[in-house]
Amino acid sequence: MMKKLFSILFLGLFSLVAQCQTWPQQLNITYVKAPFNIQNIVMKNQGLLEKEFAKEGIKINWIPIKAGLNQVRGMAAGEIDMVAAMNTSTLLIANSVGNRIVIVDGVAHPDDTFAIMAKPEVKNIVDLKGRQVVGPKGTVLHHLLSAALKSSGIEMKDVKWVSMNLPASLTTLLGGRADAALLAAGGILAAEKAGFHALVKAKGLIETNLVLAARGDFAKEYPDVVRRVAKVNRQALQWALSNKSQAIALGAKELQLSKEDAAKLFEWSHFYSDLTQKDIDALQNSQRFLLEQKMMNRSVDINTLIFE
């Protein structure tokens, strides 16, 4: 009898806890296609998040974003809850100024998809001195430019740096209004076809990392939602790896690329899920560099940035 009573009480308590579980009315998550974020593309196109949270009635709002700084601004304003693909340089810079953003899961290590593309007459990094360079500020590409200049004994002040998003950077380079541009993925391929060449790629110079991220206060208030988004993100990756040709075709359609170019970007992206100690070490290295270059005004505890 006592056992039965305890069982009834336990079930009642469990039911009460379930009823008290709070869910957000909506989830505001970015839709970031470039450089070739196949998890994000699959999640949106197959409605995976909508299916995951249908029972809870959570509305999924996909927010198209092209510039990394716009992701940070949206999170700071409380308009974006999660970012499907944020580079860790941007994430570190944001945290250094008090915009708490946590890393939820891995997305890609796309070292091959970031480059400084230049006119034929610009033969090397040293030739950038006094020339105009365009690209997005506060991003992994900004980090790449700083690292490339430093490795050649040049400082940022030695080039005519103009900040603009990736589409504008490509257009400016192709239009002859810049000597070099910081480009990613499809932008690199388009520039190559137009006769421009890569002065340097991220591979071998800096370690790039795109991650699934969440606004700190949102992750604290709705940890279960964040974990389930990570679960769906992994499901999307597994689908893409198991259905590679379909995933490449989907990516080609979304990014308006040929299937050949899409296949190249798929291979360049080096998709992953689990952060390793190597990723933590790379974050530490990135932070040191960003502090040296005064792109961060204070250091942050890397371990506190990992959502658990």
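Select Ala185 in the loop between β8 (180-184) and α8 (186-193); helices (H or I, at least four residues) and strands (E, at least two) are DSSP runs, numbered from the N terminus. Ala185 has a positive phi of about 45° although it is not a glycine. Its relative accessible area is 1%, so Ala185 is buried (under 20% relative accessible area; exposed is over 50% and partly exposed in between, with a 1.4 Å probe and protein chains only).

The model is a predicted one, in which local features need pLDDT of at least 70, side-chain atom pairs count only at pLDDT 80 or more, and totals for chains, interfaces and linings use all residues. Residues are numbered from 1 along each chain as its sequence is written, and side-chain values use heavy atoms, with hydrogens and water left out.

Next, select Gln256, in the loop between α11 and α12. Gln256 also is not a glycine and has a positive phi, of about 55°. With a relative accessible area of 74%, Gln256 is exposed.

Now go to Pro35, in the loop between β1 (26-31) and α2 (38-45). The peptide bond that joins Ala34 and Pro35 is cis, with omega about 5°.

Stay there for the largest pocket: Ala34, Pro35, Leu166, Pro167 and Leu255 lie nearest its centre, among 38 lining residues. A pocket is an open set of points on a 1 Å grid over the protein atoms alone, where a 1.4 Å probe fits, with protein on both sides within 12 Å along at least five of seven lines; lining residues have an atom within 4 Å of a point. The volume of the largest pocket is about 910 Å³, taken as the space filled by probe spheres set on the points, which are joined across faces, edges and corners. Elements giving two or more residues to the lining include α4 (68-76), β3 (82-87) and α7 (166-174); α8 gives the most, with five. The lining has 25 nonpolar, eight polar and five charged residues (Ala, Val, Leu, Ile, Met, Phe, Trp, Tyr, Cys and Pro count as nonpolar, Asp, Glu, Lys and Arg as charged, the others, Gly among them, as polar).

In helix α7, pick Thr172. Thr172 is buried, at 8% relative accessible area. Leaving out residues up to four places away in sequence, Thr172 touches Val134, Met164, Arg177 and Ala178 (contact means heavy atoms within 4.5 Å).

Finish at α13. Its buried residues include Asp279, Ile280 and Phe289, and what covers the buried residues includes α5 (88-96), β4 (101-108) and α6. Just after α13, Lys294 takes a positive phi of about 60°.
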